[in-house]
Every structure is written in C-alpha cells, then in structure tokens.
Amino acid sequence: MTQTSESVTWLTQEAYNKLKDELAHLTGPARTEIAAKIAAAREEGDLRENGGYHAAKEEQGKQELRVRQLTQLLENAQVGEAPTSAEGEVAPGMVVTIAFDGDEDDTLSFLLASREYASADIETYSPQSPLGAGVIGHKVGEDAEYELPNGKKASVRILKAEPYSG
C-alpha cells in the first residue's frame, strides 16, 4: 500500500522517540493506574452517584483516544528530514510567511507541520488544515486560496517559504 504525502507525518528521530515513549507509558503503567482507580471507585458502592468512578472512566476514555491517535500517527510517520521542495515552494517542514488578501501589513508566519512537531516559539498549522492545504505546493510570490469555516474563500499571498531549522 502506498501512502500519499498528505497521510505521511514527517518526524525527526527525537520527536518519533518521544511519541513512542508516550505510547509505551499510556499502554503500560498509565493503563494499570487507571484500572486501579476504577477498581477502587467501584468498591465505594453505588456507581450512579460515584463521582470518582465517573471521573476515572472519563480519564480512561481520553487516555485511550490518545493511544489511538499516537498509534495512527506513528504508523504513518516518516522519520528523518522532510523532503526538500523546489526553491521557495511551500511544503511540510517549512516556515511560511503569508499576507492576507495581499496586504503586506497583515501577515502571519507559521510552521507547516503536525502538532507533534510544534514548537513553543512559532505557531504551527497542520498540512491538513484548510490554510495548510491551501498553501502547499505554491511558490513565493503566488496567491493561494483556502476555505474559511463559514464556507467562504480567503486569499493569501506567499511571501516566504524557508526550511524550519528548529
């Protein structure tokens, strides 16, 4: 089965290892902890009015959701450096600067990557987000469109596209 570039998540070895460790913790010690919390709360009696039981079950649900997310992410991960794109072409792993409606005073710079790649020093947009999908493949100086949540289209001009140096 071949993967499209949209389903692949590019991760550094460090990010991959960190996510793999988180998955191991969630499927090992964290599952044991939550099972113990649920068992202890069950012993308190009536489950209909047992806040501790309901809180533990909710925590378990969130934990299992994260396990599924991590499993899917790691299955679709490509470890290493993101593929290089043509000079000035927007691709995952790049810091992109755009101007909204061509207004060079209304700009935004962001890292085009999955949230697991996110950095505290720069805003991150997923390649699957409307804005991310709209700018991928465009070159510096080109205009791109993406769909807003209300269904209308918005236009941006690509001002810069540089590899993220982390």
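**Salt bridges and their surroundings**

Analyst: The structure holds five salt bridges, a salt bridge being a side-chain nitrogen of Lys or Arg within 4 Å of a carboxyl oxygen of Asp or Glu. This is a predicted model, in which local features need pLDDT of at least 70 and side-chain atom pairs count only at pLDDT 80 or more, while totals for chains, interfaces and linings use all residues. Residues are numbered from 1 along each chain as its sequence is written, and side-chain values use heavy atoms, with hydrogens and water left out.

User: Why is the pair Arg31 and Glu64 called a salt bridge?

Analyst: The closest N and O atoms of Arg31 and Glu64 are 2.7 Å apart, and the cut-off is 4 Å, so the pair qualifies. The two residues sit in distant parts of the chain, Arg31 in helix α2 (residues 29-42) and Glu64 in helix α3 (residues 51-75), 33 residues apart. Helices here are DSSP runs of H or I with at least four residues, strands are runs of E with at least two, and both are numbered from the N terminus.

User: How do you know that Arg31 is partly exposed?

Analyst: Its relative accessible area is 34%. Buried means under 20%, exposed over 50%, and partly exposed in between (1.4 Å probe, protein chains only), so the value for Arg31 falls in the middle class.

User: What makes Asp101, Asp103, Glu104, Asp105 and Asp106 a patch of negative charge?

Analyst: These residues gather on the surface, and Asp and Glu count as negative, Lys and Arg as positive, with His and the chain ends not counted. Patch members have over 30% relative accessible area and no salt bridge, and like charges are joined within 9 Å, the place of a charge being NZ of Lys, CZ of Arg, CG of Asp or CD of Glu. Asp106, found in the loop between β3 (94-100) and β4 (107-112), has 37% relative accessibility and so counts as partly exposed.

User: Which residues does Val79 touch, leaving aside those up to four places away in sequence?

Analyst: Val79 touches Leu11, Thr12, Gln13 and Tyr16, where contact means heavy atoms within 4.5 Å. Val79 lies in strand β2 (residues 77-79), and its relative accessible area of 32% makes Val79 partly exposed. Val79 and Asn17 are 62 residues apart in sequence and 9.8 Å apart in space, C-alpha to C-alpha.

User: How many helices and strands does the protein have, and what share of its residues counts as buried?

Analyst: The protein has four helices and seven strands, running β-α-α-α-β-β-β-β-α-β-β from the N terminus on. Of its 166 residues, 33% count as buried.

Key. Patches are made of residues with over 30% relative accessible area and no salt bridge: like charges are joined within 9 Å, nonpolar side chains (Val, Leu, Ile, Met, Phe, Trp, Tyr) within 5 Å. Accessible areas come from the Shrake-Rupley method with a 1.4 Å probe; for residues, only the protein chains shown count as cover.
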